[in-house]
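Hi,

Here is the structure I promised to pass on. Have a look at it first, and then read my notes below.

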Amino acid sequence: MKLAQAVQGIAPSGIRRFFDVVSQMDDVISLGVGEPDFGTAWRVREAAIYGLERGRTTYTTNQGLLELRQAVGGHLRRRLGLDYDPETQILITVGVSEALDLALRALLDPGDEVIVPQPCYVAYAPCVVLAGGVPVPLTTGPETSFIPRPEDVTALITPRTRALLLNYPNNPTGAAPTHAQLHALAAVARRHDLVVISDEIYDRLSYEREHIAVPSLPGMAERTLLLNGFSKTYGMTGWRVGYATGPADLIAAMGKIHQYTALCAGRGAQEAAIEALRVPDRDVQAMVDDYDARRRIIVAGLNRIGLPCHLPAGAFYAFPSIAPTGLSSQEFAERLLYEAHVAVVPGEAFGAGGAGHVRCAYATALPRIEEALERIDRFVQSLTPASQPHVANAIVG
Ligand code: PLP
């Protein structure tokens with residue numbers, strides 16, 4: 001059948017293809033997909049069950065339940081000092097995924113450009129293309145802790161540049177900018193009148209410093225679309241619920257598309273999300289502390305093995321360099337899977353700058369992470385001397 005060229009040009013997600021293989025194998029420790037191992041809290045599941053029992057099985061308003069929008073507004077005010085009107089500035093979506101798609105379709109005319117710092121979440125560039133836009137990759141690397149330099153952003157701006165797509169804490173690098181770095185990027189956006197689409201889905205998983213929301217910076221609320229959701233913080237990946245907040249005209253435009261495509265996010269998921277926002281901070285903090293302990297162990301372990309790995313500031317991913325092995329990241333990931341039964345994701349899957357790295361998610365229980373580290377160690381030691389890393393040179397702390 002003849003299919004649309006834009007779709008034909010898009011490669012299937014490198015992550016999914018890899019994990020189809022993993023699902024066929026026994027005894028694999030997966031440091032692969034970014035899926036929290038903390039399930040949805042019982043009080044959240046019960047809220048959804050209760051809603052079902054009360055017969056709340058209908059559509060909701062297109063923008064999402066007002067009670068949920070109010071809860072999101074209250075949550076953002078309390079945690080990040082942001083002020084959004086639940087009536088006009090908050091849209092409940094089918095995860096951050098749908099919110100991103102709506103944002104790009106609402107903003108872009110054919111040929112408009114979006115600057116996408118990479119390595120980045122696998123959906124960004126394809127979604128820009130599907131919205132008729134042109135993704136402009138901005139390669140980042142360990143020398144800037146995977147944070148783009150303002151001058152590098154400026155160098156890519158053309159009359160067609162419409163938006164800058166940011167994601168901190170970052171998937172796959174775990175990077176999060178300092179206050180000064182974020183201020184500098186915001187200044188570029190203001191100077192060149194860019195919209196910032198800020199995917200802050202990992203905001204609660206910030207270990208090194210308080211998370212800074214892009215719209216909280218001076219002059220940024222009016223040009224930033226903030227995306228967030230429930231998948232990562234509340235272990236709710238399968239519920240498919242998230243939200244977008246931002247300028248009322250952009251939210252209204254996104255709402256127009258949403259009403260004809262998704263109609264509304266699932267009602268049960270919305271009921272559950274209201275309850276998720278009531279989960280006490282101390283429960284979320286306990287989860288963050290757990291991830292933090294794993295983070296330190298996996299990063300120390302990878303460096304000890306001779307795979308240089310910076311300490312990620314947020315999210316639940318370590319992004320070590322596998323360059324000392326002499327293998328490409330695709331080869332490394334494939335051989336590690338088949339020979340040592342550990343699944344990691346080749347860095348190329350995340351775009352420019354990903355080559356020479358692999359992504360290891362530490363959303364897996366600590367004993368499994370420790371076992372995975374032993375397997376990785378044995379695998380690396382088994383490589384021929386020419387491709388073995390020189391441990392002393394490789395450790396970067
Ligand atoms: N954004 C980032 C950076 C992600 O890593 C993911 C999932 O891995 C998503 C968005 C998808 O979020 P959701 O489950 O809310 O659609």
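Predicted model: local features only at pLDDT ≥ 70, side-chain atom pairs only at ≥ 80, totals over all residues.

**What I found**

Among contacts in the protein chain between residues at least 6 apart in sequence, 75% join residues at least 24 apart.

Now the overall picture. The protein chain has 14 helices and 12 strands. How does its radius of gyration fit a compact globule? For 397 residues such a globule would come out near 21 Å, and the protein chain has 21 Å, so the two agree. Along the principal axes, the C-alpha atoms fill a box of roughly 65 × 55 × 50 Å. Of the 397 residues, 54% count as buried. The chain exposes about 16700 Å², with carbon and sulfur atoms supplying 53% of that. As for charge, there are 35 positive and 42 negative side chains, and the centres of the two sets lie 3 Å apart.

Back to Val-22, which sits in helix H2 (residues 14-23). Its relative accessibility is 11%, under the 20% cut-off, so Val-22 counts as buried. Apart from neighbours within four places in sequence, Val-22 is in contact with Val-28, Leu-337 and Ala-343. In the loop between H2 and S1 you will find Asp-27, whose phi is positive, near 60°, although Asp-27 is not a glycine.

Next, helix H13 (residues 366-382). Which residues of H13 are buried? They are Ile-369, Ala-372, Leu-373, Arg-375, Ile-376, Phe-379 and Val-380. An α-helix has 3.6 residues a turn, so residues three or four places apart point the same way. The buried residues of H13 pack against strand S1 (29-30), helix H11 (281-305), helix H12 (329-340) and strand S10 (342-343).

Thr-364 is in the loop between strand S12 (358-361) and H13. With 14% relative accessibility, Thr-364 counts as buried. Setting aside neighbours within four places in sequence, Thr-364 touches Ser-30, Leu-31, Asp-37, Arg-294 and Ile-369; Ile-369 is one of the buried residues of H13.

Helix H8 (residues 179-191) is also worth a look. Its 13 residues reach 18 Å from first C-alpha to last, close to the 18 Å expected at 1.5 Å a residue. The buried residues here are Leu-182, Leu-185, Ala-186, Ala-187, Val-188 and Ala-189, and what covers them includes helix H7 (150-156) and strand S6 (195-199). After H8 comes Asp-193, with a positive phi near 55°.

Finally, some backbone details in the loops:

- The peptide bond from Gln-118 to Pro-119 is cis, with omega near 5°; Pro-119 is in the loop between strand S3 (113-118) and helix H6 (124-130).
- Asn-171 and Pro-172 are also joined by a cis peptide bond, with omega about 20°, and Pro-172 is in the loop between strand S5 (161-166) and H8.
- Phe-146 is not a glycine but has a positive phi of about 65°. Phe-146 is in the loop between strand S4 (134-139) and H7, and at 3% relative accessibility it counts as buried.

Cheers

Technical notes. Residues numbered from 1 in each chain as written. Heavy atoms only, no water. Helix = DSSP H or I, 4+ residues; strand = E, 2+ residues; numbered from the N terminus. Rg over C-alpha atoms; globule rule 2.2 N^0.38 Å. Buried < 20%, exposed > 50% of the residue type's maximum accessible area, 1.4 Å probe, protein only. Contact = heavy atoms within 4.5 Å. Areas by Shrake-Rupley, 256 points an atom, 1.4 Å probe, with all protein chains shown as cover. Lys, Arg positive; Asp, Glu negative; His and termini not counted. Charge placed at Lys NZ, Arg CZ, Asp CG, Glu CD. Expected span 1.5 Å × (residues − 1).
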